[in-house]
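Please look through the structure shown here with this briefing beside you.

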Amino acid sequence: MGVTEVSAARGDSDRRLGRRALLVGGLAAAVGTAALARQELSHLWWRLPGVEKPRVAGAVDFRGARWVAASPANYRRADRPDDYPVDRVVIHVTQGDYASAVKAFQDPAHQAAAHYIVRKDGRLTQLIRELDVAFHAGNREYNERSVGIEHEGFVEHASSFTDAMYATSARLTAAICGRYGIPVDREHIIGHVEVPGTDHTDPGRHWDWDRYLGLIRQQM
């Protein structure tokens, strides 16, 4: 076989290899794209007709809570934990009174709201179903995987955190942990300050974590 023939044969071989590599690469890319599409569809399946879990207007996830709806602009409808696993509880402080917090969460321009607010007197309000993704943590991943609980008061005032507030909040968090199998520890029950990327400081130095976790465990 002459030099030209060898070169041509090698060229044909290289082209075949090139085409094969292109096909394999294209197939891998298609598989990757399909996997990403399936993942995204798994988070959107509840939007298809007839598959969303039944909802009752004004229903609450914790017995004794009062229902006051947040603006739909401050959360995203979902079907947790089927589309997003729930494995965190995030503790917040309102930096204001109860009425101002409710007003903010009902304002579509606020762009944030928590699932619950616990008042100083221990009364509890639910504003967003646990099914749905509340915009409370300032981090999309944490929003999708957590339940947010606001507490009426100010981080700099130790008097904000009353016995009644701790008791109600602990019962609520115990129920949430039981519902989703969340461990009762500081890795899974966190303050807003611990969410990656946040600029918040709540619940602050006056929040008694040891007391709170102890109360939660008593309810389990």
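The notes below go through the sheet, the helices, the aromatic rings and some details of the backbone.

This is a predicted model, in which local features need pLDDT of at least 70 and side-chain atom pairs count only at pLDDT 80 or more, while totals for chains, interfaces and linings use all residues. Residues are numbered from 1 along each chain as its sequence is written, and side-chain values use heavy atoms, with hydrogens and water left out.

**Sheet and helices**

- Helices (H or I, at least four residues) and strands (E, at least two) are DSSP runs, numbered from the N terminus, and two strands pair if DSSP finds at least two bridges between them.
- Six strands make up an open sheet with mixed pairing, in the order β1-β5-β4-β7-β3-β8, and its edge strands, each pairing on one side only, are β1 (66–67) and β8 (189–191).
- Strands of a sheet pair through backbone hydrogen bonds, either parallel or antiparallel.
- Strands β4 (residues 116–118) and β5 (residues 124–126) run antiparallel and are joined by three bridges, and I117 stands opposite T125 in β5.
- Helix α4 (residues 163–180) lies across β3, β4, β5, β7 and β8, and runs at about 175° to β7; helix α5 (residues 209–219) lies across β3 and β8, at about 150° to β8.
- For these angles, axes are lines fitted to C-alpha atoms, for helices over the stretch in contact, and the angles run from 0 to 180 degrees between N-to-C directions.

**A buried aspartate**

- D132, in the loop between β5 and β6, is buried because its relative accessible area is 3% (buried means under 20%, exposed over 50% and partly exposed in between, with a 1.4 Å probe and protein chains only).
- Not counting residues up to four places away in sequence, D132 touches R55, Y75, R76, R77, A78, R80 and H115, where contact means heavy atoms within 4.5 Å.

**Aromatic rings and charges**

- The structure holds six aromatic pairs, and rings of Phe, Tyr and Trp (its six-membered ring) pair if their centres lie within 6.5 Å, with planes under 30 degrees apart counted as stacked, over 60 as edge-to-face and the rest as tilted.
- The rings of Y166 and W207 form a tilted pair, because their centres are 4.8 Å apart and their planes are at 40°.
- Since Y166 lies in helix α4 and W207 in the loop between β8 and α5, this pair ties together parts that are 41 residues apart in sequence.
- Y166 is buried at a relative accessible area of 2%, and W207 is buried at 4%.
- W209 and Y212 form an edge-to-face pair, with 6.3 Å centre to centre and 70° between the planes, and both residues are buried.
- F161, Y166, W207, W209 and Y212 form one aromatic cluster.
- R186 lies over the face of W209, 3.8 Å from the ring centre, and the charged end of R119 sits over the ring of Y98, 4.3 Å from its centre (a charge sits over a ring if NZ of Lys or CZ of Arg is within 6 Å of the ring centre and within 35 degrees of the ring normal).

**Backbone details**

- Most residues other than glycine have a negative phi, and most peptide bonds are trans.
- A cis peptide bond, with omega about 0°, joins R80 and P81, and P81 lies in the loop between β2 and β3.
- The peptide bond from D202 to P203 is also cis, with omega near 10°.
- Q95 has a positive phi near 55° and is partly exposed, with a relative accessible area of 40%.
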